[in-house]
Structure formats: C-alpha cells, structure tokens
Amino acid sequence: MQGRKQKKNRIVLTLLAACMLLCGCGEVVPETEEVVEAMPTLGLTPSFNYSVEKQMPSVMVDPMGYLPASNKKAYIYGEVLPDTFEVVEAESKDVVLTGDIREKATVEDEVVGVVDFTDLRTPGTYYIKCNQVGYSYAFPISETAYETEMDSLCEEIYAALETADLDTALNTAYPLMLSYELYPTYFLQSSGNNQASKIPTVVQKLKPIAEKAKTLDSLDGIYFLTQYANISKQFDAGYASECQRISMQIWNSMAKSPQVTQWELLQAATALYRCTGNVVYHNYMLTHDAEYGQIDVTTKQGFYTALSYLQTTQKVEFETCNVLIKALMKDSEELAQETKADPFQSREELGRKPLSGSLWNGLRLSVVDYIITNHEYIMLLEDHIHFLYGRNKDAASLRQNMTLEEKAETLLLLNAITAEKEMLVSN
C-alpha cells in the first residue's frame, strides 16, 4: 500500500483527469539416472572426453523463479508431445502437481505445448517432468524470487558506470532514473543502498555523470541534468540548482544555433519546464504544442519527451496531456496485441527481435501500467522477464549478453513486477 500511495502522490491532476477519460481503456537438473549432470552453463553436456553435440532440456522454465501468486507457465518442444506433466519437489522427489499439457501448436516444424502450473503456490524448489520429453531445470517459487537478481543488477550497473564512456553512462542513467522515480522503495531499502548516508546510492552513483554532462552543449546535457536535478533536489538542493542553472545556459546556446531543430528545442523546453517551472519554457511549449500530437512514443526521444510533460507538477495543457496519454495507450495496446498474437505470448514475439528491442517494449509497457495499473500488462511484463531468463527455445539466459543500458531496463521491469506483484494474482 505504501508504494501505491507514493504513486498517487506523483501523478499530476491533469494526468489523472486524462486517465479518467480513458478508463476503459539455480540452474540445476533433477538428480536422476535419466539425465546428465548440469554444467555451469544453461546447456547440458555429457561428461565424456570426446566431442558431443550440446544438449538442452526440452521443458523450458525460468530458473530465476516465479512468484507464488503469479501465473506460472513452461514451454515444451519435441516431435511428439505427451499429454500430461508432473511438477516434482526437487529435494524429496515428491510429485506435488500433475496436469494436462494444453495449447499444443506447430511452430517452425516443431510441436509446442504449454505447461500451466499456476495452481502451485507453495514456496520451494521444483522441476517439471514430462514423459517422452524429459525434465526442466530446477526453479524456485518464492516471494523474493527476483530480489537477489535486482541487487546483482544494481551492483553491476553501479560498478560499470564508474568506467563507462559518457554515451553509455547517459543511456544507462535514463531508465535507471526512471525506475527510481516510479519505484523509489526498492532503491531506498535494497541491500545496495548506503544506509549510513541520507542520499540514496543511486543518486550518489549518478552524480559523476552529472559532472560530465555539464560539459555537453546539447540536448543530452539538458535532459540528463534536469532529470538528475529532479531526483536529487530533496537530498542536495544546492547541487540540483546548479544542474538547473547549467541546463538553462545550454538552452540559451542551443536556441541561437541554426543547426538545432525545432523538435530538439521542444524536447529541451519540456524537460526544463518540468524541472524549473520557468515561464520561458512553458511559452515555447505552448507555441509549439501542436507538435506533441506528432510525437512518436515508440522512439526513445518521443517517449521520454511525452513522459517529461506528463510527470511535471507545473501547470500544463489538459488537451496536450490527453493527446500524449492516448498515444501511450495506443502504443501499449499494440504491443500487447502483438505479443498475444503468438499463442505462447512472449516466446516468438521476443525471439524475432534483438534483446534491446524486447526490453524497450517492456519498458514502455511498464510505464503505461504504472499510469493505469493494468493487470494484463503486468503479466505480460513477467512473460518478458521469463523469456529473457530462460523460458525460450534455447533454454538460454540472455542476461549474460546484456549491455549496461539493457541491465538498467531489466531492473526497471523487475522493479515494476515486484512493486505490482499483487496484480499478478490469477483471476
């Protein structure tokens, strides 16, 4: 309930009004003679001295685990699929759940089926067994299934930011700051936070990037500095004011440059108005407000600009808020329909796109879910995570291939799911 109260306090009245108009709107295998021992990778390799083809389980799960109340699915692949499955408790080898394999379909010349074990809610470690197919990796069911991974992501991001080039640091900082703004509870309570300091660790770790951003005579400089001022002003008002002042200087320089486009100036004005409330930027926004209706929220520039307008606590135009909300809603509905068009949801849709595209889709869904609290969207977000961490055709965790920016986006998705996990309770 605390997180929900924070949310209500953050959304501006105009945004709520617009929403009211749209209200319709553990890699372990079971110890058995039938399977080979698991190696540290996600593939299974027989322990012989000669070369053999890499083997993988044919029951695909997310080894990171599942929340007790959430929907829990696994995928199976094979030339011929069985009709039933068993969920086995890993330590005792007791069968704790049986069921029918459903939603069989042919995908890319293979038969694919869905194992639905949502009814299993008891915390513990389990694996799935299917005759003719084999076993899954072991996986936990736990209320804290994602917390260890979130802490690991945070630690890796903080460490890597110290040596990252400026472009990488900026691209990583945007989803990280957004995650902190939307879901501050995790950052304030996580093990990675410096409890001895009154300033959250995430704010401290981003300050060196703010120092570098001061040298950028561009939109990137304005956007980072205003965003950083927004998250730091309650902890270090003097430094936040300095970030605002330098952002305004950059604006003055940009406004005189013939190379700067009107769209770039509109982006900068939106970020500056949210941060400063200065009438100069509001007047520029009002002069070019028709362009908000042309914003492409599927791009990062358009998405973050729309979000800056909707997050402001300054006076805004109701109709512009309405236009931007509708654009975000339309985008999220299209993303949801694309994902659901595949009978197995995230599997095929995400498999056709680069990892960065998959995470970007999830980030946009997470923000719209934050605004309207949509049960369907939060389940789709969890499907994204399960796919990325191993519930895919290769039984492979894509985590090891993530860029620093992708790790920050993944952290946002996990943060959103954890904060809204009560929404995952099956109807």
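Visitor: Which residues are buried in α9?

Guide: Buried means under 20% relative accessible area, exposed over 50%, partly exposed in between (1.4 Å probe, protein chains only). In α9 the buried residues are Leu265, Leu266, Gln267, Ala268, Ala269, Thr270, Ala271, Leu272, Tyr273, Arg274 and Cys275. This is a predicted model: local features need pLDDT of at least 70, side-chain atom pairs count only at pLDDT 80 or more, and totals for chains, interfaces and linings use all residues. Residues are numbered from 1 along each chain as its sequence is written, and side-chain values use heavy atoms, with hydrogens and water left out.

Visitor: What covers the buried residues of α9?

Guide: Helices are DSSP runs of H or I, at least four residues, and strands are runs of E, at least two, numbered from the N terminus. The cover of α9 includes α4 (166–182), α7, α8, α10 (279–287) and α11 (300–311). Eleven of the 15 residues of α9 are buried, so this helix is largely enclosed by the rest of the structure.

Visitor: At what angle do the axes of α7 and α8 cross?

Guide: Axes are lines fitted to C-alpha atoms, for helices over the stretch in contact, and angles run from 0 to 180 degrees between N-to-C directions. The axes of α7 (residues 219–232) and α8 (residues 237–255) cross at roughly 160° and come within 9 Å. That makes α7 roughly antiparallel to α8 (under 35 degrees is roughly parallel, over 145 roughly antiparallel, 65 to 115 roughly perpendicular, the rest oblique).

Visitor: Which residues make the contact?

Guide: Contact means heavy atoms within 4.5 Å. From α7 they include Leu219, Ile222, Leu225 and Tyr228; from α8, Ala240, Cys243, Ile250 and Trp251 are among them. The contact residues divide into 13 nonpolar, five polar and no charged. Here Ala, Val, Leu, Ile, Met, Phe, Trp, Tyr, Cys and Pro count as nonpolar, Asp, Glu, Lys and Arg as charged, and the others, Gly among them, as polar.

Visitor: How many residues of α15 are buried?

Guide: Twelve of the 14, so α15 is largely enclosed by the rest of the structure. Glu382, Asp383, His384 and His386 are among the buried residues. Helix α15 (residues 375–388) reaches 21 Å from its first C-alpha to its last, close to the 20 Å expected.

Visitor: Where is Thr373?

Guide: Thr373 sits in the loop between α14 (355–372) and α15. Its relative accessible area is 26%, so Thr373 is partly exposed. Thr373 and Glu420 are 47 residues apart in sequence, and their C-alpha atoms are 8.3 Å apart in space.

Key: The expected span of a helix is 1.5 Å times one less than its number of residues.
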